[in-house]
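Dear colleague,

Please find below the structure that I am handing over to you, with its sequence. My notes on what was found in it follow directly after.

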Amino acid sequence: MLCVWPVSSTVGPISQPTSHASAKCTQHQQHTPHACQYRVCLQLYEESLTDASGQYPGEFTDTFWQFVAPDGLRSTLNWISERYRRPEIWVTENGVASQGEATRSRRDLLRDINRLDFYRDHLDSLCTAVTKDNVNLAAYFAWTLMDNFEWTDGYRARYGIVHVDRGSPKLTRYPKLSAYWLSHHFFRYAPDSIACLEIRSCRSTRQSLLPVR
């Protein structure tokens, strides 16, 4: 089994080891080879959020390092499948922090159309990898059930399909539109109106589908 984390986005290309880091490590290795081995993990690569032409891989999200690029999920699954001779793969985190969600009213943030589109497009890409590319996918987990603490982003970046009202004494939870859609997509359990969301032609009417408390 091979677990993939995270595959919620495509972050730019990783380059070959830099000559500066290689030279530094070679010099350091004469005295402390074990320390050098650790430094290799940290320094012998460069990360980039853009490709060689300066283009970002997809739409921006609420975190600087993540972009919406569903084709990247299929590409990643294919690379792993070919590299490791078709292992059993678990996608353990797949989700998005929609831009500006932390500042929206409850009514607006519960209609998380961008997140719904994210899951639909990424699941389309995932299914294509399984049905057309013969990827051995065994499990898929959406990230995440509820708005949670996101490391250096704190509670600002919201990945949850369920909104947590941190201003209420009991931290009241409210399902977002994406929660209803995922519930219907995987379990066929959701209000009847959510079934319409399976059809892309319904995009123009989606704003009125979910009753907000």
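Arg74 is partly exposed, with a relative accessible area of 31%; here buried means under 20% relative accessible area, exposed over 50%, and partly exposed in between, for a 1.4 Å probe and protein chains only. Its side chain meets that of Asp133 in a salt bridge, at 2.6 Å from N to O. Asp133 lies in the loop between helix H5 (113-131) and E5, and Arg74 in helix H3 (residues 70-83), so this pair ties together parts that are 59 residues apart in sequence. Asp133, at 23% relative accessibility, also counts as partly exposed.

Please note that this is a predicted model, in which local features need pLDDT of at least 70 and side-chain atom pairs count only at pLDDT 80 or more, whereas totals for chains, interfaces and linings use all residues. Residues are numbered from 1 along each chain as its sequence is written, and side-chain values use heavy atoms, with hydrogens and water left out.

Salt bridges

The structure holds nine salt bridges, a salt bridge being a side-chain nitrogen of Lys or Arg within 4 Å of a carboxyl oxygen of Asp or Glu. Another of them joins Arg156 to Asp62, with the closest N and O atoms 3.1 Å apart. This pair links distant parts of the chain, 94 residues apart: Arg156 is in the loop between strand E5 (137-142) and strand E6 (162-164), and Asp62 is in the loop between strand E2 (59-60) and strand E3 (67-68). Helices (H or I, at least four residues) and strands (E, at least two) are DSSP runs, numbered from the N terminus. Arg156 counts as partly exposed at 38% relative accessibility, while Asp62 is buried, with a relative accessible area of 15%.

Arg120 counts as buried at 4% relative accessibility, and Asp117 counts as buried at 15%.

Helix H3

Helix H3, which carries Arg74, has 14 residues and reaches 20 Å from its first C-alpha to its last, close to the 20 Å expected at 1.5 Å a residue. The expected span is 1.5 Å times one less than the number of residues. Buried residues in H3 include Pro70, Gly72, Leu73 and Leu77, together with Asn78, Ile80 and Ser81. Just after H3, Arg85 takes a positive phi of about 60°.

Backbone features

Arg86 has a positive phi of about 55° although it is not a glycine. Its place is in the loop between H3 and strand E4 (89-94), and Arg86 is partly exposed, with a relative accessible area of 38%. Leu171, likewise not a glycine, has a positive phi near 50°. Leu171 is found in the loop between E6 and strand E7 (173-175) and is partly exposed at 33% relative accessible area. A cis peptide bond, with omega of about 5°, joins Trp143 and Thr144; Thr144 lies in the loop between E5 and E6.

Pocket and cavity

On a 1 Å grid over the protein atoms alone, a cavity is a set of points where a 1.4 Å probe fits but cannot get out, and a pocket is an open set with protein on both sides within 12 Å along at least five of seven lines; lining residues have an atom within 4 Å of a point. Grid points are joined across faces, edges and corners, and a volume is the space filled by probe spheres set on the points.

The second largest pocket has a volume of about 230 Å³. Its lining has 14 residues, of which Glu59, Val68, Asn114, Asp117 and Phe118 lie nearest its centre. H5 gives the most to this lining, with five residues. By class, the lining of this pocket has five nonpolar, four polar and five charged residues; Ala, Val, Leu, Ile, Met, Phe, Trp, Tyr, Cys and Pro count as nonpolar, Asp, Glu, Lys and Arg as charged, and the others, Gly among them, as polar.

The structure holds one cavity of 30 Å³ or more, and the largest cavity has a volume of about 30 Å³. Asp147, Asn148, Tyr155, Arg158, Val164 and Arg166 line the largest cavity.

With kind regards
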